[in-house]
Amino acid sequence: MEKRLVIFDLDGTLLDTIADLATAVNFALRVYGHPEHEVCEYRYFVGDGIRKLVERALPEEARTPGHIDEVLGYFRQYYMRHCEDLTAPYTGIVELLKELQSKGVLLAVASNKFQIGTESLIKRYFPDINFVAVLGQREGVPVKPNPQIVFDIIQLAGVTKEQTLYVGDSGVDMQTAVAARVDSVGVLWGFRTADELLQNGAVSLVALPGEILGKV
């Protein structure tokens, strides 16, 4: 069936955000004298929301709920001031979104990034794209791989699961698509490997954004 809705993950799929995320977490770690991490290490810390990101970055003995909250507060403050310093869309993404939009395909974002951060980045980098929904981590709604975010977007778009395609760069994204029972595409330019995508249920893989046009 022809796809009428394409749902995109944000970090690692639409935007290369890893350097800004790493810098913000390292700043928060530095406040408390914790060891910092190389940017490449953060590729495996992200994907399950910012609380889990901070938890993974902390030394094991420091991962108490209260301290995670403290470090998370510094991360949020820094990240919201600097989230556009090094972030950029992946090559070909803007062109892909414009082409899909011109064909009448509905577009949406489903992210585990906190809601205000998700909205801010979408407005900054994709001002000409009319997304039917831009959803991030919201109070009272479970994060991916729970499929609720996909169900919410499908309802807002007024389409069926069969008419929906989910695009992401991680195992969590592929698990989300499987749980929601929608077709998925794993992208190879993001933060994780082809093996991880396939092992978690990717229906197909693409190396370039333009290849997604052939999946719709």
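Let's start with R181, which counts as exposed because its relative accessibility is 70%; exposed is over 50%, buried is under 20%, and partly exposed is in between, with a 1.4 Å probe and protein chains only. R181 sits in the loop between α7 (171–180) and β7 (183–187). Its phi is near 60°, a positive value in a residue other than glycine. Helices (H or I, at least four residues) and strands (E, at least two) are DSSP runs, numbered from the N terminus.

A quick word on the model, friends: it is predicted, so local features need pLDDT of at least 70 and side-chain atom pairs count only at pLDDT 80 or more, while totals for chains, interfaces and linings use all residues. Residues are numbered from 1 along each chain as its sequence is written, and side-chain values use heavy atoms, with hydrogens and water left out.

Another loop to look at, please. P145 is in the loop between β5 (133–137) and α6 (148–157), and the peptide bond from K144 to P145 is cis, with omega near 20°.

Now to the inside. In soluble globular proteins, nonpolar side chains tend to be buried together. By nonpolar core I mean a set of buried Ala, Val, Leu, Ile, Met, Phe, Trp, Tyr and Cys residues joined through side-chain atoms within 4.5 Å. The largest one here has 52 residues, and F8, L14, F75 and F126 touch the most other members. Helix α1 (residues 18–31) gives the largest share of this core, seven residues. Apart from it lies another core, of 16 residues, including A108, I153, I154 and Y166.

So what does F75 touch, leaving out residues up to four places away in sequence? With contact meaning heavy atoms within 4.5 Å, the partners of F75 are L21, A24, V25, A28, I50, L53, V54 and F114.

On to the rings. There are six aromatic pairs in the structure; rings of Phe, Tyr and Trp (its six-membered ring) pair if their centres lie within 6.5 Å, with planes under 30 degrees apart stacked, over 60 edge-to-face and the rest tilted. Y42 and F45 are edge-to-face, at 5.2 Å centre to centre and 80° between the planes, and both are buried. F75 and Y79 have ring centres 5.4 Å apart and planes at 10°, so that pair is stacked. Both lie in helix α3 (residues 65–82), four residues apart, about one turn of the helix. Together with F114, F75 and Y79 form one aromatic cluster.
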